[in-house]
Amino acid sequence: MNKEKEFINIINKILNKDLKKDFVVGIGDDAAILDYKRDKSIVTTDMLVEGVHFDLSYFPLKHLGYKAVVSNISDICAMNGICKQITVSIAVSNRFKLETLNELYEGINLACKRYKVDLVGGDTTSSQKGLIISVTAMGVVDDKKICQRSGAKNNDLIIVSGKLGLSYLGLQVLEREKQVFLVNPNSKPDLEPYKELVERQLKPEARTDLIDFLDKNSIVPTSMIDVSDGLSSEIIHLCNSSDKGCVLYSDKIYKDQMLLKVCEEFNLDPISVIMSGGEDYEIMFTISSKDYEKLIEGQKDLHVIGHITNDKKTYLDLGNGSKSEIKSMGWKSF
């Protein structure tokens with residue numbers, strides 16, 4: 001048996017076989033056959049490249065597999081949809097043993113179980129060096145509930161879920177400890193004080209709960225986007241797609257106490273971290289003001305941070321009578 005077939009057999013042993021609801025044929029054939037009935041299909045693809053998107057000196061393969069799946073589920077959430085299936089393709093160098101790659105697929109399987117998603121296919125090939133993971137996610141959404149970046153309207157409220165900036169700070173902590181280790185390999189990092197930050201970087205979660213909340217409360221956002229590249233980049237994407245502008249209010253942007261504490265330790269400005277930091281996988285969306293009361297009832301981690309305007313400029317109100325134009329400061333792929 002060749003190495004690729006042996007690897008596929010290992011994958012099949014790891015993956016959950018009990019979910020099969022929305023597909024007719026999965027792993028083992030030339031292609032998957034999906035059956036979504038009347039819903040609209042959503043498809044998204046994301047690629048993670050060693051040395052660009054992750055550093056295996058501090059990123060466990062199990063966590064990497066989990067995160068690769070979650071980042072794609074988050075994109076499905078950002079269309080107000082529900083993820084149903086994924087495919088996973090990897091290119092791997094000969095420095096990785098099959099047993100080691102088990103960990104990667106254990107993380108993928110854990111995410112699939114957590115979010116009730118089926119892995120239905122993929123591909124494996126060799127790499128000259130390093131590890132490359134490409135995940136394609138497929139989901140569904142009711143035709144009347146589809147949300148795109150392009151639907152924001154004048155005076156719509158801008159909402160963001162959860163805590164922003166923590167994942168970026170988690171990365172700073174890990175990078176700092178890596179440098180300490182390179183100088184002193186016997187050092188043992190104490191990451192307990194930064195546990196939440198590190199977890200947000202290594203094992204983020206997708207906001208499927210928000211999609212459930214919106215559905216149960218009959219709220220259909222006018223536009224949505226996931227916050228994976230930093231708040232500044234995402235609000236510019238949303239406004240450009242909608243041909244609108246916005247005003248965000250610095251004092252309305254939630255600043256977690258842990259964020260404030262670690263920003264002081266690293267001598268960083270909290271608002272700059274929130275605006276430029278990425279990989280939080282929270283959701284930003286806009287709603288009509290008529291939906292405001294339904295939105296805030298019982299939801300403590302949804303924050304109104306600004307509103308949409310017609311002037312096509314993006315501004316941050318600094319709260320002292322002045323405002324500055326928002327520039328894209330987040331992750332850039334090239």
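User: What pLDDT must side-chain atom pairs have to count?

Analyst: Residues are numbered from 1 along each chain as its sequence is written, and side-chain values use heavy atoms, without hydrogens or water. This is a predicted model, where totals for chains, interfaces and linings use all residues, local features need pLDDT of at least 70, and side-chain atom pairs count only at pLDDT 80 or more.

User: How far apart are the end C-alpha atoms of α3, and why does that agree with its length?

Analyst: The expected span is 1.5 Å times one less than the number of residues. Helix α3 has 18 residues (98-115), so it should span 26 Å. That agrees with the model, where the end C-alpha atoms are separated by 26 Å.

User: What share of the chain's residues is buried?

Analyst: Buried means under 20% relative accessible area, exposed means over 50%, and partly exposed lies in between (1.4 Å probe, protein chains only). In α3, the buried residues include L98, L101 and Y115. Across the 334 residues of the chain, the buried share is 49%.

User: Is T286 buried or exposed?

Analyst: T286 is found in strand β10. Beyond its neighbours within four places in sequence, its contacts (heavy atoms within 4.5 Å) include A152, D156 and I308. Its relative accessible area is 0%, so T286 is buried.

User: What distance separates the C-alpha atoms of T286 and G306?

Analyst: These two residues are 20 apart along the chain. Their C-alpha atoms are separated by 9.5 Å.

User: What is the relative accessible area of T314?

Analyst: T314 belongs to strand β12 (residues 314-317). Not counting residues up to four places away in sequence, T314 touches I236, C239, C246, S324, E325 and I326. T314 counts as buried because its relative accessible area is 7%.

User: Which residue has its ring under the charged end of K203?

Analyst: A charge sits over a ring if NZ of Lys or CZ of Arg is within 6 Å of the ring centre and within 35 degrees of the ring normal. The charged end of K323 sits over the ring of Y315, 4.4 Å from its centre. The charged end of K203 is 4.3 Å from the centre of its ring, which belongs to Y66.

User: Where is K312 found?

Analyst: Phi of K312 is near 65°, a positive value in a residue other than glycine. E279 also has a phi near 65°, and lies in the loop between α9 (270-276) and β10 (282-287). K312 is found in the loop between β11 (302-309) and β12.

Definitions and conventions: Helices (H or I, at least four residues) and strands (E, at least two) are DSSP runs, numbered from the N terminus.
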